[in-house]
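Reader: Hello! I would like a close look at one part of this model, please.
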Amino acid sequence: MTVARAFLSLACLVAGSVLLGACSEGPTAPAAGGPTLAEVRARGYVRCGAGKDTTGFSAPDSHGRWRGLDVDTCRAIAVAALGSRDKARFVPLTGQQRITALLTGEIDVLPRTTTWTLQRDAGGINFTIPNYYDYTAFMIGADSGARTLRDLDGATVCVQTGSLTEIVFADVARRTHVTMHPVIFDNVQSTRQAFLAGRCDALATDQSALIALRAMKPKHRFAIIPASDDIAPLTPAVRHGDDQWFDIVKFSIEAMIVAEHLGINRANVEGMRGSRDPVIRRFLGVEPGNGRALGLRDDFAYQIVRQVGNYAEVYDANLGAGTGLNIPRGPNRLRRDGGLMLPIGFY
């Protein structure tokens, strides 16, 4: 225990319970200032890595406005750091460019459909909280006759290099002894165009991306075959070396998940500030401490829900039935509903 902490403890014992809240260590201690938050505040906006062609996750609409689950994740981080969802800028990156852009400081956070893996984690980046769970799958023409993975024996498969799909594709072929021939491309658009032009029998990538592509091509008939039942946690990442920014990104994502868990949404969040439930009061910053612990305003979670929404609202707006994608929540349901989205305590 440091001299300062020892003095604080002694003072608390003398003062008794009246100052108990002020004397608590850890949870209410202000966060040590890291360089990223200071840089973001000086610049006036958060720079987020984005995937330009990943409909439902990050892509500009017909008016040039960025939309998607990863885009809204970035907007939540901007709300936490700067108080406004509009203080986020998006940097389009290919699969090969994304991690280098994060490591070199070109972007502040990478919320771009990137799977959390050991070697990426050990290579200089910290993964925060998964904002989507996905599977690798194959898309084929519905009239090809293929119904199972074994039906793809001898098939050519379009694959994007620099992605986890490239590794999963090779592993699946080795584990199942199904012979498939990869045709490699260096970006999403080239890989899809090659498949649509008939240069490959199948296209391999995340299942959500295949569903989005199928929705964009209603005149074509496609079938999707799962590569395996292994779940890939797509997780926003930050650079090593700034724990404060790491925590800010984590709890910006968690704010959306916890809000859904507590039944708080954009429509009722204002009224919820009058709740007598101590859990809700702490979450919304009515009772202070959480924001200060991260170096933020105490109402950062309230602002995220008010300006962006809870996780269910963000999911439905980008991937739900009204979007044309209609991707079932599946593993992206809350833990209490049988999914993998786990709310973490705001106290």
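Which element gives the most to the lining of the largest cavity? Please take me through that cavity and its surroundings.

Author: Happy to! This is a predicted model, in which local features need pLDDT of at least 70 and side-chain atom pairs count only at pLDDT 80 or more, while totals for chains, interfaces and linings use all residues. Residues are numbered from 1 along each chain as its sequence is written, and side-chain values use heavy atoms, with hydrogens and water left out.

Your element is β10, which gives 4 residues to the lining of the largest cavity. Helices (H or I, at least four residues) and strands (E, at least two) are DSSP runs, numbered from the N terminus. A cavity here is a set of points on a 1 Å grid over the protein atoms alone where a 1.4 Å probe fits but cannot get out, and lining residues have an atom within 4 Å of a point. The structure holds 1 cavity of 30 Å³ or more. The volume of the largest cavity is about 370 Å³, a volume being the space filled by probe spheres set on the points, with grid points joined across faces, edges and corners.

In total, 25 residues line the largest cavity, and Gln160, Ser163, Thr165, Thr205 and Asp206 lie nearest its centre. At least two lining residues come from each of α7 (164-176), α8 (188-196), β10 (202-206) and α9 (207-216). Sorted by class, the lining has 13 polar, 7 nonpolar and 5 charged residues; Ala, Val, Leu, Ile, Met, Phe, Trp, Tyr, Cys and Pro count as nonpolar, Asp, Glu, Lys and Arg as charged, and the others, Gly among them, as polar.

Now for the domains. The chain is divided into domain 1 (35-133 + 234-327) and domain 2 (136-230), with bounds from an automatic or database domain assignment. Each of the two supplies at least three residues to the lining of the largest cavity. Their centres, taken over C-alpha atoms, are 30 Å apart. Contact (heavy atoms within 4.5 Å) joins 16 residues of domain 1 to 16 residues of domain 2. Between the domains, about 1,200 Å² is buried, 58% of it from carbon and sulfur atoms; buried area is the accessible area (1.4 Å probe) that two parts lose on being put together, summed over both. In domain 1, Asp53, Gln96 and Leu325 lose the most area to domain 2, together 35% of what that side buries.

Methods. 1 Å grid on protein atoms, 1.4 Å probe; cavity = no way out; pocket = protein on both sides within 12 Å on 5 of 7 lines; lining within 4 Å.
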